[in-house]
Amino acid sequence: MPLVNNKVGDGDVGTAGNDEALADGKALVDSLIKVVACYRHLASCVGSCTDGLQLRDELRQTREKAQKLAAALCDHLTSHLRDKSLPEEQRREMELLWVAFSSSLELLHIDMCKVFNIGDNFSLANTTSLVQTGLQGGGTLVAARALSLAELDETETASLPADLEGEENCTLEKEISEINHMIDDMEMKVNVLRWMVEPHGPQYADPLSSTDSTSLALFSVMEEQPGAANQPLCQSSVLFVLLMLFAVILVAATLSVCVFIFS
């Protein structure tokens, strides 16, 4: 009976490990983008009539999950992008993930600063100062989806506990500083120039709807044939001039006949 060699080469093991790491990175980036988008949605409600303890708690939970994902992604991508043996194709994919990650982290930092500044101006201790935007409801369902929970506890404290808002602002200010430090630390550890990273593939493409595609096609045809766009207008102008000339000739002939008859 012949012997079968089932030994897997080191190159195959390395390739499989790189593919698995790339898949994990994509999953983490997708999760971070969703959580950051949720946080941005919730941040737009701060200071409005829908603001309250429930919204601030949802912001806190969403922010904490975003920071956990960001920390995991930073370690994951940094370790692989600093690996000199990483194949070129995987490196390009990792750089795309790095750009998406760093951009999402900067958006999170901007929204956290926004929540801190607006929350400092609109205190929950005085709800009469909130802006009456006419909106109703909150972002509980959006926050629950971003946090991968079936539902969030919507029970809200009737009165604001002492120093709760001040402690929350101090915590938020500290977390803003940590995110800012993470962004600076990332740029020091990994030198990925964003303007040199070119997106490719269907998931990075900008899809066009059928209406947009039709409009773009028509616009391209008109650009290629500039005379075709002006042709109907020219034909109408020529027809109008001919009709006016015919009317003038008819009026002149009628006047000539009248002069001849009554003279």
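Analyst: One term before we start: a residue is buried when its relative accessible area is under 20%, exposed when it is over 50%, and partly exposed in between. This is a predicted model. Of the protein's 263 residues, 30% count as buried.

User: What secondary structure does the protein have?

Analyst: There are 7 helices and 0 strands. Along the sequence the pattern reads α-α-α-α-α-α-α.

User: And what share of the contacts with a separation of 6 or more comes from residues 24 or more positions apart?

Analyst: They account for 83% of those contacts.

User: Confidence next. What is the mean pLDDT?

Analyst: The mean is 74. Of the residues, 63% reach 70 or more.

User: Which elements have the lowest and the highest mean pLDDT?

Analyst: Helix H6, residues 210-224, is lowest at 47. Helix H2, residues 53-81, is highest at 90.

User: Where does pLDDT stay under 50?

Analyst: One stretch is residues 155-160, with 10 contacts beyond four places in sequence. Another is residues 207-224, with 3 such contacts.

User: Let's stay on H2. What does Arg-56 touch?

Analyst: Arg-56 sits in helix H2. Beyond its neighbours within four places in sequence, Arg-56 contacts Val-46, Asp-51, Gly-119, Phe-122, Leu-124 and Glu-165.

User: Is Arg-56 buried or exposed?

Analyst: Arg-56 has 13% relative accessibility, so it counts as buried.

User: How many salt bridges are there?

Analyst: The count is 6. One of them joins Arg-60 and Glu-64, with the closest N and O atoms 3.2 Å apart.

User: Where do Arg-60 and Glu-64 lie?

Analyst: Both are in helix H2, 4 residues apart, about one turn of the helix. Arg-60 is partly exposed at 27% relative accessibility. Glu-64 is partly exposed too, with a relative accessible area of 32%.

User: What about Glu-175, which residue does it bridge to?

Analyst: Glu-175 pairs with Arg-63, and the closest N and O atoms are 2.3 Å apart. This pair links distant parts of the chain.

User: Are Glu-175 and Arg-63 buried or exposed?

Analyst: Both are buried.

User: And Asp-185, what does its side chain meet in a salt bridge?

Analyst: Lys-189, at 3.2 Å from N to O. Asp-185 is partly exposed, with a relative accessible area of 28%. Lys-189 is also partly exposed, at 39%.

User: Which residues do salt bridges with shared partners join into one network?

Analyst: Asp-57, Arg-60 and Glu-64.

User: Switching to aromatics. How many aromatic pairs does the structure hold?

Analyst: It holds 1. The ring centres of Trp-98 and Phe-101 are 6.0 Å apart.

User: Why is the pair called edge-to-face?

Analyst: The planes of Trp-98 and Phe-101 meet at 70°, so the pair is edge-to-face. The cut-off for that class is over 60 degrees.

User: Where in the fold are Trp-98 and Phe-101?

Analyst: Both lie in helix H3, residues 88-121. They are 3 residues apart, about one turn of the helix. Trp-98 is buried, with a relative accessible area of 4%. Phe-101 is buried as well, at 0%.

User: I work with cysteines a lot. Where is Cys-49?

Analyst: Cys-49 is in the loop between helix H1, residues 10-43, and H2. Its relative accessible area is 27%, so Cys-49 is partly exposed.

User: How far is Cys-49 from Leu-130 in space?

Analyst: They are 5.6 Å apart, C-alpha to C-alpha. In sequence, 81 residues separate them.

User: Last one. Which residues make the nonpolar surface patch?

Analyst: Val-257, Phe-260, Ile-261 and Phe-262 make it, and the patch covers about 530 Å². Val-257 is in helix H7, residues 226-262. With a relative accessible area of 47%, Val-257 is partly exposed.

Conventions
Residues numbered from 1 in each chain as written. Predicted model: local features only at pLDDT ≥ 70, side-chain atom pairs only at ≥ 80, totals over all residues. Heavy atoms only, no water. Patch = residues over 30% accessible without salt bridge, like charges linked within 9 Å, V, L, I, M, F, W, Y side chains within 5 Å. Areas by Shrake-Rupley, 256 points an atom, 1.4 Å probe, with all protein chains shown as cover. Salt bridge = Lys/Arg side-chain N within 4 Å of Asp/Glu carboxyl O. Helix = DSSP H or I, 4+ residues; strand = E, 2+ residues; numbered from the N terminus. Buried < 20%, exposed > 50% of the residue type's maximum accessible area, 1.4 Å probe, protein only. pLDDT = per-residue confidence, 0-100. Contact = heavy atoms within 4.5 Å. Phe/Tyr/Trp six-rings, centres within 6.5 Å; stacked < 30°, edge-to-face > 60°.
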